[in-house]
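Dear colleague,

Please find below the structure that I am handing over to you. I would ask you to keep it open while you read the notes that come after it.

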Amino acid sequence: MEDRTPVAPPHPADDVTEHVGYRLKRAAAALRGAMDKALREHGLTVPQYACLELLDQRPGLSNAELARGAFVTRQSMNVVLRGLQDADLISRPATTDHGRALPAHLTRHGRERLDAARSAVYAIERTMVDALPQRRLAALLADLDRMAEAFGG
């Protein structure tokens, strides 16, 4: 039998469900499930919605910039962009004068779809925020940012 030296947890925890990472993953999975369901009614996936939101805020982003912002790979973003383009939700030039980046822009139809889907997504976020005492929201957001920054993110 292998001799195993126990590793101390980073904070007091009786089991895995009490670890910060587990709780973050549980919250993220609940959020993703709610968003998947709500966005399905608008004919969108979570990455497609994220892409539309990013393009609404910063028109002309490239595939790589959108992939980073939507937390997907560049290859996955290529698929997302093709789907959005085929649905006439975004436009991209066939070629570009400089570099390889093809800037994307929302179409009128894309803006309408985003506006309709946004209210459903904001309702989900409202449910999450309403579960917290309002005075703790700013601290939670700052804590989440610090956690991401601890890994260089």
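This is a predicted model: local features need pLDDT of at least 70, side-chain atom pairs count only at pLDDT 80 or more; totals for chains, interfaces and linings use all residues.

Residues are numbered from 1 along each chain as its sequence is written, and side-chain values use heavy atoms, with hydrogens and water left out.

Helix contacts

Helices (H or I, at least four residues) and strands (E, at least two) are DSSP runs, numbered from the N terminus. The axes of helix H1 (residues 20-40) and helix H2 (residues 46-57) cross at roughly 80° and come within 9 Å. Such axes are lines fitted to C-alpha atoms, for helices over the stretch in contact, and angles run from 0 to 180 degrees between N-to-C directions. H1 and H2 are therefore roughly perpendicular to each other (65 to 115 degrees; under 35 is roughly parallel, over 145 roughly antiparallel and the rest oblique). In contact (heavy atoms within 4.5 Å), Arg 32, Met 35, Asp 36 and Leu 39 of H1 meet Val 46, Pro 47 and Tyr 49 of H2. By class, this contact of H1 with H2 has five nonpolar, no polar and two charged residues. Here Ala, Val, Leu, Ile, Met, Phe, Trp, Tyr, Cys and Pro count as nonpolar, Asp, Glu, Lys and Arg as charged, and the others, Gly among them, as polar.

The axes of H3 and H4 also come within 9 Å, and they cross at roughly 105°. That makes H3 roughly perpendicular to H4. On the H3 side the contact includes Leu 66 and Ala 67, and on the H4 side it includes Met 77 and Leu 81.

The largest pocket

A pocket is an open set of points on a 1 Å grid over the protein atoms alone, where a 1.4 Å probe fits, with protein on both sides within 12 Å along at least five of seven lines; lining residues have an atom within 4 Å of a point. How much space lies in the largest pocket? There is about 1,900 Å³, a volume being the space filled by probe spheres set on the points, which are joined across faces, edges and corners. Of the 41 lining residues, the closest to the centre are Ala 28, Leu 31, Met 128, Leu 141 and Leu 144. H1 gives the most to the lining, with 12 residues. By class, the lining has 29 nonpolar, five polar and seven charged residues.

Single residues

Is Leu 66 buried or exposed? Leu 66, found in helix H3, is buried, with a relative accessible area of 0% (buried means under 20%, exposed over 50% and partly exposed in between, with a 1.4 Å probe and protein chains only). Beyond its neighbours within four places in sequence, Leu 66 is in contact with residues including Cys 51, Leu 55 and Ala 104.

Phe 71 is placed in the loop between H3 and H4 and is exposed, at 76%. Val 72 lies in that loop between H3 and H4 as well, and counts as partly exposed at 23% relative accessibility.

Most residues other than glycine have a negative phi. Phe 71 has a positive phi of about 60° although it is not a glycine. Asp 88 likewise has a positive phi of about 60°, and is partly exposed at 45%.
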